[in-house]
Amino acid sequence: MRQHEPSQSLAKHTGDPLRKIKVHVKNNHASPETFPSTPESEAVFTTTPERWAEAAERHPDVARHVDVFIDWDCDNFTRSMRDTEVLFCWDLPTRDLAKIAPNLKWIHIIGAGVEHLCPMDWVPEGVQVVNNKGAHATKAGEFGLMSILMLHTHMPAIVTNQRDGNWQSLFSTPIAGKTALVVGVGSLGGGAATQLKRLGLEVLGVNRSGRPHPDVDEMVTTDRIDDVLPRADYVFVSLPSTPQTVGLFDRRRLQRMKPGAGIVNVGRSSAMDYEALSDLLRAGHLSGAIIDVFDPEPLPPESPLWHVPNLLVTPHVSADDGDNYVPITLDILFNNLRRHIRGEPLQNVVRPDLGY
């Protein structure tokens, strides 16, 4: 569990020890048209009064300065937002937000991706948007390790053979010495890089800035992805959806991958041409793929992706902790509330020009 900063009185930072910061929590009921999309995911992402109370106990110095209004969908949105300073949500009605919420200071989006709110020309002047960066690192790292090991041990092909009733001995070796390329070395990709490095892989990385990561042996900027892509035995894609990432893994780039390589996508589906991926799997150029993100979600039963050989479909479960997602997220919120009270810069501020 994420630990909060050392407890100390925050009254001197508020100017008025009796003033409360109002937080509006907008939960969503599950619906195929929105997020969360399934009943089981609603339980994972809902901030209940009990979960809020547990977070308040972990952060008592902040909790005494906060009032919370926990709501569903937009049942009481307009009325509650009149005196709300902090909005905690996945999505929101953006029209006339400055008029509806004149006291709003910042919005905490409970996911890492914010493409559903772009372009952010609706954000009122002086209001900041923050995302949930950091909440996914541990789970995404473990999924990254599992998925690359599954590709290495031919599990997509073995599952296809099982479905077809085909007994074929597909042997593998220890994975040390193989090369993995992590495309998008942020919270998710960084977690995967850390886990993969422990098994003795060479880890290559791609990010926008080229900034190094302690578990990446060689980092390049996105414009140099073609230089490193052919070297990779396995590619782990964890990109947000931005104008710069849409279609990055098109047919030409997928064809540049080493013959027999495998690929994982846990970021956003917009980064990858799934039709081209399917063709290359059928042709045998790629040995396997594990895909966790789709558009739309849930993936429709009639989608051809369900029947592509050597392709495993996972239902967007790669990076979200089923038991602790809300507690982890609330810890991020409370730590930012502490910074807000002290007049310090918020963490995880989204840059509208980049879309993340």
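Modeller: The conversation below takes up helix packing, cavities and backbone geometry in turn.

Modeller: This is a predicted model, in which local features need pLDDT of at least 70 and side-chain atom pairs count only at pLDDT 80 or more, while totals for chains, interfaces and linings use all residues. Residues are numbered from 1 along each chain as its sequence is written, and side-chain values use heavy atoms, with hydrogens and water left out.

Biologist: At what angle do the axes of α7 and α9 cross?

Modeller: Helix α7 (residues 137-152) and helix α9 (residues 187-197) cross at roughly 55 degrees, and their axes come within 7 Å. Helices here are DSSP runs (H or I, at least four residues) and strands likewise (E, at least two), numbered from the N terminus. Axes are lines fitted to C-alpha atoms, for helices over the stretch in contact, with angles running from 0 to 180 degrees between N-to-C directions. The two helices are therefore oblique to each other; angles under 35 degrees count as roughly parallel, over 145 as roughly antiparallel, 65 to 115 as roughly perpendicular and the rest as oblique.

Biologist: Which residues of α7 and α9 meet?

Modeller: From α7 they are Ala137, Ala140, Gly141, Glu142, Gly144, Leu145 and Ile148, and from α9 they are Ser187, Leu188, Gly191, Ala192, Gln195 and Leu196. Contact means heavy atoms within 4.5 Å. By class, this contact has seven nonpolar, five polar and one charged residues. Ala, Val, Leu, Ile, Met, Phe, Trp, Tyr, Cys and Pro count as nonpolar, Asp, Glu, Lys and Arg as charged, and the others, Gly among them, as polar.

Biologist: And how do α3 and α13 cross?

Modeller: The axes of α3 (residues 49-58) and α13 (residues 325-342) come within 10 Å and cross at roughly 50 degrees. That makes α3 oblique to α13. The contact involves Arg51, Trp52, Ala55, Ala56 and Arg58 of α3, together with Val326, Pro327, Leu330, Asp331, Leu333 and Phe334 of α13. Its residues divide into eight nonpolar, no polar and three charged.

Biologist: Changing topic, how many cavities of 30 Å³ or more are there?

Modeller: The count comes to two. On a 1 Å grid over the protein atoms alone, a cavity is a set of points where a 1.4 Å probe fits but cannot get out, and lining residues have an atom within 4 Å of a point. Grid points are joined across faces, edges and corners, and a volume is the space filled by probe spheres set on the points. The largest cavity holds about 100 Å³ of space. Of its 14 lining residues, Lys26, Asn27, Asn28, Phe45 and Ile110 are the closest to its centre.

Biologist: Which element gives the most to that lining?

Modeller: Strand β1 does, with three residues. By class, the lining has eight nonpolar, four polar and two charged residues.

Biologist: What lines the second largest cavity?

Modeller: Its lining consists of Phe45, Thr47, Phe88, Ile110, Tyr325, Val326 and Thr329, and about 30 Å³ of space lies inside. Helix α13 gives the most to this lining, with three residues.

Biologist: Finally, the backbone: where are the cis peptide bonds?

Modeller: One joins Phe35 and Pro36, with omega about 0 degrees; Pro36 is in the loop between β1 and α2. Another runs from Glu297 to Pro298, with omega near 0 degrees, and Pro298 is placed in the loop between β11 (286-291) and β12 (311-313).

Biologist: What is the phi of Asp73?

Modeller: Asp73 has a positive phi of about 50 degrees although it is not a glycine. Asp73 is found in the loop between β2 (66-72) and α5 (77-80).

Key. On a 1 Å grid over the protein atoms alone, a cavity is a set of points where a 1.4 Å probe fits but cannot get out, and a pocket is an open set with protein on both sides within 12 Å along at least five of seven lines; lining residues have an atom within 4 Å of a point.
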